[in-house]
Amino acid sequence: MATVDQIGTSGRRSLLSPEGWLAALARRSEAVVIPVGALLAGLLVFGLFLLTQGKSPAEFYALVYKAGFGTSFSWQNTLSRTAPLLFAALCVALPARLGLVVIGGEGAIVLGGVACGALAGAVSGMPGALGIPLMALAGGLAGAVWIGAVGALRHFRGVNETIASLLMAYIAIALMNHLVEGPLRDPASLNKPSTAPLADQLRIGDIPGWDVHWGLALGIVACLLSWVLIERTTWGFAARIAGGNVRAAQVQGLPVGRLIVGFTALGGAFAGLAGVFEVAAVHGAANASLATGYGYTGILVAFLARHNPLAIIPVAVLLAGFEASSGLIQRRMDLPDATVLVLQGFVFVAILLSETLYGRLKIFAPERWGERA
Amino acid sequence: MSDGDLGLWAIPIAMLGGAIRVSTPFLFVSLGEVLTERSGRINLGLEGTLVFGAMSGYAVAYLTGSPWAGVLAAAVAGSIFGLFHGLICSLPRVNDIAIGIAMMLLGMGLAFYFGKPYIQPVAPDLPSIGFGWWSDLPQVQAALRVNVLFLIGIAAAIFLWWMFRATRVGLIIRVVGDSTDAARAMGLNPAVIRTLATAAGGAFAGVGGAYLSLFYPGSWNEGISSGQGLMAVALVIFARWNPIACFWAAILFGGAGALGPALQSVGVSSGYYLFYAAPYVLTLGVLIATSSPTRAVTGAPGELSITK
């Protein structure tokens, strides 16, 4: 106990001196500098890749800026793509705090959207204030059941959650195709099989004065609430313990099973909400447009944010900007549409590679500043 | 002779033929994954390797006019992906499952990027051998037209089984996979051996991809693989890391994958999306049946992160 006290008091006292501030800053900055550095390294390697293809990286990044963040129109495009990414990233980040790698958020998005589209017919007579929450509930529930089942399989049967969640995403997409082309198909949708279009009062509108639908605001609120849940509640504390060491958590009597099912179900509910907004605010009906890969980009967002819900917000905006610029890059630079996917791949590998640097760089460890290299 | 003469018999015959056709990529990817996992590492990125192998095999076969040059190119590309995966995972604190996801994304992105010009052109197919000469039925003849790669896959499964069982290399891989400490005590370098095993496993997955684009379905497009690489990883658990069992599991999964097209060929059209989901449901069912929350899976390499 004595040693603990010593570290505590010396740490507090040294904060008053300039060197103390520097040391505290160095310790704190590790969690920011390494991921940002990895992101830049990934972008740099992608720039070299473009050079080997005879394209100009400067032109590429200038176009990304212009199409993603340059004008109010491009911001609007970027922010509408941000909303589903926020939810999809939470579906990865929440289970990740328990040590689970869940990558099947796409399945929950798709089923959330289908549940919303299926219920829309039944509630078409209701006012929006009643119908929209009901649709959101149905979509969230569908996603929660889908990803919660992955967590339950993990805990009660020991099934690997990474493989199981991706398999269930494929099953969800097959289910959607079956429902949208079969039982739920609107006979009027000829070229693109869809559910019946939502009644006007059930459509989710824009945030006043923003030209961006309410999904963005709700996604940010979801990120803030998730941060509070993880960092400021006993459940979040218990989850972090279980994520660090399951055995220790079980010895302490923590309800590991309930935590795993609860966190995966919550993540799935968020992903399901992404599907609800895609249907009710963007497409107006559930169809194959639901499976456009937001769930997979969400994995990258969560890993870049190191599973911190607050960091998810800026990272999601950044990656949404890259995706929003895809069309302009294809037209102006004559690059294939998979270019953004290659970029994401390089950034993803770079961010995972950077994991090896934590705790190994002396600049972030003031107590080792005196040592020789 | 028309379908009508065979009646419902057309379904099992189409499924048998389909199982042989569809199983080959499962077989190659799962053999590669067995090799990697036996050394104590998991490569979830084989889905990306499979897709990149399909693209590079198709492109090289089209450019050279030789399908076998395509297969070779796919194997080389796959081993480069595997080598990269292996080297990254050798660094401390790097999560091999997460790297697998990233490599899956990168492999697919690069395949779609470089594969764009090859969606239209037609590359030469791999040759196949007809084992159905004894039958007058065209359906049976079609079902038993077996691709040479399928036979190579069977040979590779037997070879790997023998290698793990009776050779020095096989023993070294098994030691590294079961205990890093024991391997070090024997003077082996686990990181090097795992990296080489991952590279060799990647080559197998690349060949599996070349089969997809050069024989069945036999063209290159962005939807060529829908999770076969990932299902093969699950299949390895089911096969208990035994190459011979991988062969039977691949046939089983191939049959499940052939269910949708077989039903469609006899005119069942309603709900066929659900039948297309059969391999995924089967994989999930097999995972649930073979996993256990309390004990390690029998036959699992001791150092494997996925079963610990």
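Okay, let's start with overall shape: for 308 residues, a compact globule would have a radius of gyration near 19 Å, and chain B comes out at 20 Å, so the two agree. That radius is taken over C-alpha atoms, and the globule rule is 2.2 Å times the number of residues to the power 0.38.

Quick housekeeping. This is a predicted model, where local features need pLDDT of at least 70, side-chain atom pairs count only at pLDDT 80 or more, and totals for chains, interfaces and linings use all residues. Residues are numbered from 1 along each chain as its sequence is written, while chains are lettered from A and ligands numbered from 1 in the order in which they are written.

So what is chain B built from? You'll find 14 helices and two strands; these are DSSP runs, with helices being H or I of at least four residues, strands E of at least two, numbered from the N terminus. Its C-alpha atoms fill a box of roughly 65 × 45 × 35 Å along the principal axes.

Now, the partner. Chain B puts 40 residues into the contact and chain A puts in 39, where contact means C-beta atoms, placed from the backbone, within 7 Å. On the chain B side, α5 (96-115), α11 (228-238), α13 (272-276) and α14 (278-290) each supply at least two residues. Which helix gives the largest share? That's α5(B), with 12 residues.

Contacts inside chain B are worth a look too: of those with a separation of 6 or more, 77% join residues 24 or more positions apart.

Key:
Two residues are in contact if their C-beta atoms, placed from the backbone, lie within 7 Å.
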